[in-house]
Amino acid sequence: MTPAISTPRRGDDDRRVTCIACGETLDRDDAREYDKHGDRWSREGKAFEYLCKPCHRECCHQNRDGLEETLIAAGAGRTDRKTFLRQFCDLVAEDGDSNRTER
Ligand SMILES: [Zn+2]
């Protein structure tokens, strides 16, 4: 028989995460992943941080004007990531630099 691996007392700790904004402890299922690298596609060797829902919602109050539209226009979920990112950057740059007439 394999010897039982000594489990730490707080055995369900890996299911609990801490919100990086308010320090609240919550179930990982209830938390929102926050990836400070902003790249949720490459998960290798990364530790995700978590936000509780209220904090996540607050984070998203910034600069959301037209974000959905921009994402859709850039082909989010319909193109591969590289294409999407390039198109997204183009669109965002267009918005911010309307004075410059490069096109
Ligand atoms: Zn929080």
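## Contacts around alanine 31

Two residues are in contact if their C-beta atoms, placed from the backbone, lie within 7 Å. By that rule, alanine 31 touches Val17, Cys19, Leu26, Tyr50, Leu51 and Cys52, not counting residues up to four places away in sequence. The model is predicted.

Alanine 31 sits in a loop, between β2 (25-27) and β3 (32-34). It has 23 other C-beta atoms within 10 Å, so it counts as buried. The cut-off for buried is 20 or more. One of its contacts is valine 17, which lies 14 residues away in sequence. The C-alpha atoms of this pair are 7.5 Å apart.

## Overall layout

The chain holds three helices and four strands. Along the sequence the order is β-β-β-β-α-α-α. The chain has 103 residues, and 7% of them are buried.

## The nonpolar core

The largest nonpolar core has six residues. They are Val17, Cys19, Ala31, Tyr50, Leu51 and Cys52. In soluble globular proteins, nonpolar side chains tend to be buried together.

Tyrosine 50 belongs to this core. Leaving out residues up to four places away in sequence, tyrosine 50 touches Val17, Thr18, Cys19, Ile20, Arg28, Ala31, Arg32, Glu33 and Tyr34. Val17, Cys19 and Ala31 in that list are also core members.

## Lysine 53 and helix α1

Lysine 53 is part of helix α1, which covers residues 53-59. Is lysine 53 buried or partly exposed? It is partly exposed, because 13 other C-beta atoms lie within 10 Å. A residue is exposed at 12 or fewer and buried at 20 or more.

Lysine 53 and alanine 31 are separated by 22 residues in sequence. In space, their C-alpha atoms are 6.3 Å apart. Beyond its neighbours within four places in sequence, lysine 53 is in contact with Asp30 and Arg32.

## Glycine 75 in the α2-α3 loop

Glycine 75 lies in the loop between α2 (67-73) and α3 (81-96). Glycine 75 has 14 C-beta neighbours inside 10 Å, so it counts as partly exposed.

Which residues does glycine 75 touch, not counting those up to four places away in sequence? They are Thr83, Phe84 and Gln87. Glutamine 87 is 12 residues from glycine 75 along the chain, and the two C-alpha atoms are separated by 7.8 Å.

Terms used
Residues are numbered from 1 along each chain as its sequence is written. This is a predicted model: local features need pLDDT of at least 70, side-chain atom pairs count only at pLDDT 80 or more; totals for chains, interfaces and linings use all residues. Helices (H or I, at least four residues) and strands (E, at least two) are DSSP runs, numbered from the N terminus. A nonpolar core is a set of buried Ala, Val, Leu, Ile, Met, Phe, Trp, Tyr and Cys residues joined through C-beta atoms within 7 Å.
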